[in-house]
Amino acid sequence: MPKPPWPFFLLVAAMLLAGCGDDNDVASNPTPPPLQHCADYNPLRNVYFGDLHVHTSFSFDAYVFDVRTTPEQAYRFARGEPLSLPPLDAAGHGTQTIRLKRPLDFAAVTDHSEFLGEVEVCTTPDAPGYDSAECRAFRVGGNAGQGGLGILTTEVMPQRLEGICGADGQVCLTQAGEVWRRIQQAADEANDDAPDCRFTAFKAYEYTANTSISTLHRNVIFRGERVPFPISYIERPTPQGLWAELKATCLDAGDGCDALAIPHNPNESNGKMFLAEYPGAQSVDEERAQAELRASMEPLVEIYQHKGDSECMNGLSGILGAPDELCDFEKRRQPPFEDCGDGVGSGGPANLGCLSRRDFVRGALLTGLEEAERIGANPFRLGVIASTDTHNGTPGAVEEDGWIGHRGSDDATVEARLGAPTRRTGPSFSPGGLAGIWAEENSRAGLFDALRRREVFGTSGPRIAVRFFGGWHLDGGLCGDPAMVEKAYDSAVPMGAFLPGKPAGTAAPMFVVSALRDPGTPDEPGTQLQRLQVIKGWVENGEAHQRVFDVAGDPDNGAGVDTQTCRTEGPGFDSLCTVWTDPNFDPRRHAFYYVRVLENPSCRWNTYTCNSLPPDARPEGCSDPAVPRIIQERAWTSPIWYEPQGSG
Amino acid sequence: METADRAVTGSAEQARAPRRPARSGFFARWRGEPLLHFLLLGVALFAWQRWAGESPGAGSIAVPADLVRGLRREYLERNGSLPTAAEEEALVQGYIDREVMYREALALGLDRGDLVVRRRLIQKMQFLLESDASLRQPSDAELDAYRRQHAERYATPQRVALRHVFVDADRHGKAAPRVAADLRRRLLAGADPADLGDPFLRGRVLPLRSERELAGTFGARFAAAVMDLSAGEWSRPLRSSYGYHLVRVERREEARAPALSEVRTEVLRDLRAERRAAAERTAMRRLREKYRVRVESPRAVLAEVAAR
């Protein structure tokens with residue numbers, strides 16, 4: 001490295017000097033992380049479970065439902081401490097207390113960036129704007145309180161409300177800066193650095209686009225301490241605007257900043273979230289550049305959370321292959337509904353408008369392959385996680401038994417959760433899931449880098465551990481080899497990666513698929529596994545195909561659950577492993593493979609709740625045959641991709 | 001210059017005050033005398049400034065060399081080079097403009113009722129109240145006393161590092177206990193554990209883990225059994241959620257209160273936080289004594305909350 005010229009030192013010195021006595025920075029970033037490994041460092045990678053989608057009282061749509069949990073409390077909850085929640089008593093304190101049976105390894109508080117300042121102004125007497133009609137409406141709470149602000153996230157050219165924020169919106173932006181600093185401080189304080197590394201807390205927020213009433217939300221997760229001001233839909237009302245600004249203010253800032261965005265709830269996007277669109281592109285080259293930018297900013301998708309499953313859906317046009325009965329899982333919408341086909345619709349957050357194959361991860365992955373074939377770049381190289389999207393500030397509260405809802409007073413009662421469905425309450429909601437990460441150590445850098453390389457998976461709640469490797473020369477006996485993991489890393493790529501080029505003399509890719517069931521807690525032993533599946537998607541003659549392979553376990557093991565007692569019955573597996581070869585491989589076709597791990601059936605949350613009530617106190621959802629009583633919990637891995645040589 | 005400007009503004013106000021017709025000849029005679037006006041005005045202004053707590057120099061703007069140096073430094077940071085003489089002059093003039101605006105804004109009371117300013121001032125006051133406590137560096141003895149006082153907070157639980165050989169119950173079915181017993185014999189005879197048993201997804205060599213962490217990987221019963229093992233020996237087959245494991249504890253770290261040197265950062269952070277909070281409480285109490293506080297009908301407020 002060449003010796004830096006002396007003005008460089010001068011500059012550094014000047015910056016240091018400028019830092020002295022500058023009290024703008026008081027609350028942020030005390031010390032840089034020490035450059036040493038965590039005590040749990042393991043080159044073969046450990047599995048960590050956590051939640052990357054958590055709202056607290058700083059989110060407008062949580063505050064209006066009496067949620068008063070702070071980010072500090074949310075992180076403490078993630079680490080195993082108790083938390084009290086609405087309904088509030090006369091003194092304004094929560095009346096029910098919950099606590100995680102098993103603490104999480106990591107979490108990210110992701111409050112909506114849009115109204116951080118507005119919530120602050122509207123809840124601080126004396127603030128200019130506190131007495132505005134808009135703030136008064138907000139403080140009424142509930143739907144009305146939420147709607148006044150929320151409507152802005154559906155507008156094409158949104159503007160901050162003058163009554164709250166002043167004519168130039170500056171009041172709210174300044175306040176948002178203050179709130180953002182508190183959020184950062186909570187993350188820094190909860191983050192446990194080396195050597196112990198017992199918990200990782202990311203700085204993060206949610207970018208909340210509901211353009212033309214379709215969900216286009218993203219969680220933005222930062223790798224380190226230095227982070228730019230949160231980008232919001234109000235200032236940047238397109239995802240392209242979000243990526244460009246995130247790139248400029250973080251990735252390209254040259255100060256070590258790194259970030260990624262994780263889209264969620266494509267199931268409410270009416271075909272828009274994973275539409276292959278390249279606004280303003282004049283040529284294939286420009287389309288390719290946009291596809292590459294998108295893929296680098298958004299390497300992941302949240303496949304499941306409290307607003308339902310986004311893996312796959314039968315009955316939508318555009319994908320060939322036998323129906324996949326296991327797609328019928330935690331769906332927000334049931335037939336009949338309109339099929340968007342290749343187009344888009346509107347109304348998703350309210351369960352309205354058309355549904356598209358692209359509203360589900362499988363369809364998005366297939367669209368990605370089509371684009372790779374068409375322009376030589378796949379914009380949807382999506383790894384997979386799950387999380388809760390709790391609006392109670394309760395990361396990781398995913399137990400079916402004893403679920404108390406996800407959004408303050410809105411669904412704090414059994415009647416709200418199991419009565420007639422509304423836009424945000426009713427039996428189709430659920431506790432949500434967890435993100436699983438394979439990383440060398442439990443640190444921000446360790447976990448973030450795993451997110452970036454997509455060596456991650458999602459679960460519908462249980463702590464199932466699943467490994468998935470693909471390669472061209474795998475030893476068929478790996479499942480009996482004590483050194484399986486070492487050898488798999490040596491000879492194959494892990495979940496989230498692209499297969500290396502196909503060597504001459506090989507016929508088809510091979511995969512190691514292996515899972516351990518949730519070891520459970522002393523009171524609840526966890527449910528056994530039923531089977532492992534590999535889901536393959538490929539594009540042939542311009543048509544998208546899917547196929548599901550049962551690769552290990554026993555789909556007909558006859559296991560079940562007694563819905564009166566919730567006791568599980570029948571045989572199952574504590575662990576499953578197989579080496580599988582694609583029997584229909586065509587080296588000319590783009591393809592992806594991902595794994596679905598299925599547990600034996602168990603009771604869904606509503607069955608526990610209904611069983612705990614006297615028969616005459618059970619709401620209608622307890623007897624509605626359309627409400628499933630049983631759930632088959634699961635895990636989904638990130639895919640492994642195959643690209644024909646000479647393409648892309 | 002500045003004084004003169006203020007004087008002009010001031011004289012307009014002053015002229016409005018004695019509107020009523022003059023009744024004595026003395027006043028009538030001096031009404032047309034500008035010099036006296038100026039003198040009177042000066043006295044009034046001086047008195048007002050004293051009363052308002054301002055020094056007579058408040059109307060002048062000094063631009064000391066340090067400040068200019070600061071402006072040059074900012075310029076350097078932004079542009080990577082030092083300003084030219086003309087640029088520097090522009091920086092100084094810009095500073096003066098902003099200072100004038102700032103003072104005028106204060107004079108007009110624009111800081112009052114401004115949420116941002118209010119917040120900032122409250123925050124500064126907080127820092128001021130806390131600063132005594134946070135400035136003083138706690139001695140090692142104080143830190144150690146605090147650590148001992150809150151021993152449970154800094155204690156590390158008992159932890160073990162282990163190696164295990166796994167026998168997959170699903171793979172071996174009823175034969176699993178026999179397979180495990182056989183593997184144990186081979187281990188005791190000196191076989192390399194790396195070559196034995198079934199693969200285990202979550203690792204066969206585990207760095208230091210607490211009982212709770214082990215329970216999260218293998219199940220609670222297994223974790224409890226492992227904590228009782230003596231180090232360096234291969235265990236009997238232990239049942240986990242997944243099958244049988246032959247476990248050798250490689251290293252055991254007893255539950256302990258770490259030395260101050262190991263947890264110094266945390267202890268310092270906690271002690272400082274506690275002292276800051278205490279200092280703020282004390283100072284708040286002291287300051288509050290200066291005020292008479294009257295809260296209007298708290299009952300009504302409570303009733304309103306309850307009604308919601």
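Modeller: A salt bridge here is a side-chain nitrogen of Lys or Arg within 4 Å of a carboxyl oxygen of Asp or Glu. This is a predicted model, in which local features need pLDDT of at least 70 and side-chain atom pairs count only at pLDDT 80 or more, while totals for chains, interfaces and linings use all residues. Residues are numbered from 1 along each chain as its sequence is written, chains are lettered from A and ligands numbered from 1 in the order in which they are written, and side-chain values use heavy atoms, with hydrogens and water left out.

By this rule there are 61 salt bridges over all chains. One of them joins A:E287 to A:R374, with the closest N and O atoms 3.0 Å apart. Because A:E287 lies in helix 10 (residues 284–297) of chain A and A:R374 in helix 11 (residues 361–375) of chain A, the pair ties together parts that are 87 residues apart in sequence; helices are DSSP runs of H or I with at least four residues, and strands are runs of E with at least two, numbered from the N terminus. A:E287 counts as buried at 16% relative accessibility, whereas A:R374, at 47%, is partly exposed (buried means under 20% relative accessible area, exposed over 50%, and partly exposed in between, with a 1.4 Å probe and protein chains only).

A:R374 also forms a salt bridge with A:E371, where the closest N and O atoms are 2.9 Å apart. These two residues, A:R374 and A:E371, are three residues apart in helix 11 of chain A, so about one helical turn separates them. A:E371 is buried, its relative accessible area being 7%.

Elsewhere in chain A, the side chains of A:E330 and A:R604 meet in a salt bridge at 2.7 Å, N to O. A:E330 lies in the loop between strand 11 (319–320) and helix 11 of chain A, and A:R604 in the loop between strand 24 (602–603) and helix 15 (605–611) of chain A, so this pair ties together parts that are 274 residues apart in sequence. Both A:E330 and A:R604 are buried.

Turning to the two chains together, the count between chain A and chain B is two salt bridges. The side chains of A:E486 and B:R204 meet in a salt bridge at 2.8 Å, N to O. There is also a network of salt bridges that links A:D192, A:D196, A:R198, B:R159 and B:E253.
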